[in-house]
Amino acid sequence: MAGRGGLLMLENFIGGKFLPCSSYLDSYDPSTGEVYCRVPNSGKEEVDAAVEAARAAFPGWSSRSPQERSQVLQRLADLLEQSLEELAQAESKDQGKTVTLARTMDIPRAVQNFRFFASSILHHTSECTQMDHLGCLHYTVRAPAGIGVPPGVVNIVFGTGPRVGEALVSHPEVPLISFTGSQPTAERITQLSAPHCKKLSLELGGKNPAIIFEDANLAECIPTTVRSSFANQGEICLCTSRIFVQKRIYSEFLKRFVEATRMWKVGIPSDPSADMGALISKAHLEKVRSYIKKARMEGAQILCGEGVDKLNLPPRNQGGYFMLPTVITDVKDESCCMKEEIFGPVTCVVPFDSEEEVIQRANNVKYGLAATVWSGNVGRVHRVAKKLQSGLVWTNCWLIRELNLPFGGMKSSGVGREGAKDSYEFFTEVKTITVKH
Ligand SMILES: NC(=O)c1ccc[n+]([C@@H]2O[C@H](COP(=O)([O-])OP(=O)(O)OC[C@H]3O[C@@H](n4cnc5c(N)ncnc54)[C@H](O)[C@@H]3O)[C@@H](O)[C@H]2O)c1
Ligand SMILES: N/C(=C/C=C\C=O)C(=O)O
């Protein structure tokens, strides 16, 4: 809804109704740095109302058949598809990404998720064992732990993490938390939820390596690794931020990779030729830039991007949170740029000699989310993939998502997995029943 001065005013959605809030936060258009929207600054009161609405809806919704709930999810997917363009524009305006990316990736993926899970909930089976000598049959049943769509079943409460997020994760009547975000926040959420023994699914950050062997197909590897490094301004948990290249092809790779990176166009989000838009916030842009400053101070080389090449933007977008895709070399494995998640359009390229060496170096970070391995040797890609401490390994490709199989990270990249079976098990409680006959 439009509010004062034509600003978009968002409202919470609780118990099937849009509700105003007592205070609001400014939300900025990342491509201009200007306030374009006001968002409810909700707190405990709003969270309590949302949890109460959800608890009231739970008995009715959880007793609906999987077929009924599947139809609701399919209908949601239909509505998303019908509003694809409007949603893509809104997502781009809110996050800074190009409209093209929102139109071709984010919104279609949301539709795919709803359709996938609308189907998968129809095909789960339970387990059963027999103890004939005791005349016993044991079987499992699963009951919903979370909730779906009718009034009160989905509630949207806007606000800041510390204020509204903490009220939600520490609420005694919220039995489980599916969190996607940074590891430091996950640490806080784990502390707050511990007294209630809540079930946690944590999808966290990564410091994802690309390992490029000398027999890699560079014509495929280079464009894909540019995309895996800089898509969505590098603000994808699965983005590549460390590129290990076998020594014999290191110089050729670096030359071609930097050329291709310079072709990765930064532009205003509405520009259909732009490959990358603005970063999410001014604070995040400054955080990402600080890593490049640190790299310079450590004696690393910045081959292109921030501080090397010129960013051309229209006058209206000079205040936007833009930066160029940046390639760092001559950086040590111990550098913060090689150890910490930057979550921006920054990637480090370093050489390696042997398979054993690169596996040890790739694993030598606290994260373990995703990795890519590039080689024409099928035995090697299987062997290396198995030894990498990552929950996801793509070989000779990137970001081909298979929703049937587990998605998630190990070590500091998270706890638990998402996917057909994994999500079903996370969002339900299992019970074993024994019947003596
Ligand atoms: N593994 C995945 O699937 C995946 C997907 C996307 C992003 N990520 C990760 O998310 C991070 C970037 O997202 P971000 O900047 O929004 O992360 P963030 O941790 O800053 O915030 C994540 C969410 O937590 C909320 N929050 C913040 N403090 C909180 C608190 N004290 N209590 C409760 N809630 C709180 C925020 O409001 C936000 O909604 C990166 O680390 C990225 O790798 C992971
Ligand atoms: N959960 C997922 C996250 C993907 C990218 C995050 O930045 C997914 O693909 O299912």
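Glu203 is buried because its relative accessible area is 5%, where buried means under 20% relative accessible area, exposed means over 50% and partly exposed lies in between, as computed with a 1.4 Å probe on protein chains only. The structure is a predicted model, in which local features need pLDDT of at least 70 and side-chain atom pairs count only at pLDDT 80 or more, while totals for chains, interfaces and linings use all residues. Residues are numbered from 1 along each chain as its sequence is written, chains are lettered from A and ligands numbered from 1 in the order in which they are written, and side-chain values use heavy atoms, with hydrogens and water left out.

**Glu203 and its setting**

- The UniProt record, an unreviewed entry, lists Glu203 under "active site"; UniProt positions are given in the numbering used here, feature names are shortened, and annotations may be inferred rather than shown by experiment.
- Glu203 belongs to strand β9, which covers residues 199-203; helices (H or I, at least four residues) and strands (E, at least two) are DSSP runs, numbered from the N terminus.
- Not counting residues up to four places away in sequence, Glu203 touches Phe179, Thr180, Gly181, Phe407, Gly408, Gly409, Ser413, Gly416, Arg417 and Glu418, contact being heavy atoms within 4.5 Å.

- Ligand 1 is surrounded by 17 residues, of which the closest are Glu166, Ser182, Thr185, Leu204 and Glu341; a residue is near a molecule or strand if one of its heavy atoms lies within 4 Å of it.
- A nitrogen atom of ligand 1 lies 3.5 Å from a polar side-chain atom of Glu203, a polar contact being a pair of N or O atoms within 3.5 Å, where within protein one must be able to donate a hydrogen and the other to accept it, and residues adjacent in sequence count only if both atoms are side-chain atoms.
- The side chain of Thr185 has an N or O atom 2.8 Å from an oxygen atom of ligand 1, whereas Leu204 places a polar backbone atom 2.9 Å from a nitrogen atom of the ligand.
- Helix α6 (residues 183-193) has Gln183, Ala186, Ile189, Leu192 and Ser193 as its buried residues, and the elements covering them include α5 (161-169), β8 (176-180) and β9.

**Ligand 2**

- Around ligand 2 stand Arg109, Ile236, Cys237, Leu238, Arg401, Phe407 and Glu418.

- An open, antiparallel sheet of 3 strands has the order β6-β7-β20; two strands pair if DSSP finds at least two bridges between them.
- β6 and β20 have a single partner strand each, so one side of each is left without a neighbour in the sheet.
- From one strand to the next the twist averages 25°.
- β6 (residues 128-131) and β7 (residues 136-144) are joined by 4 bridges, with Thr129 opposite His138, and in their hairpin, which has 4 residues between the strands, Gly135 takes a positive phi near 65°.
- β7 also pairs with β20 (residues 428-436) over 9 bridges, where Pro144 has Thr428 as its bridge partner.

**The sheet of β1, β5 and β4**

- A second open sheet of 3 strands runs in the order β1-β5-β4 with mixed pairing, and its edge strands are β1 (8-9) and β4 (24-29), each pairing on one side only.
- β4 and β5 (residues 34-40) run antiparallel and are joined by 6 bridges, with Leu25 opposite Val39.
- Helix α3 (residues 84-95) lies across β4 and β5 and runs at about 100° to β4; axes are lines fitted to C-alpha atoms, for helices over the stretch in contact, and angles run from 0 to 180 degrees between N-to-C directions.

**His284**

- His284 sits in helix α9 (residues 282-297) and counts as buried because its relative accessibility is 10%.
- Leaving aside neighbours within four places in sequence, His284 is in contact with Glu235, Leu279, Ile342 and Phe343.
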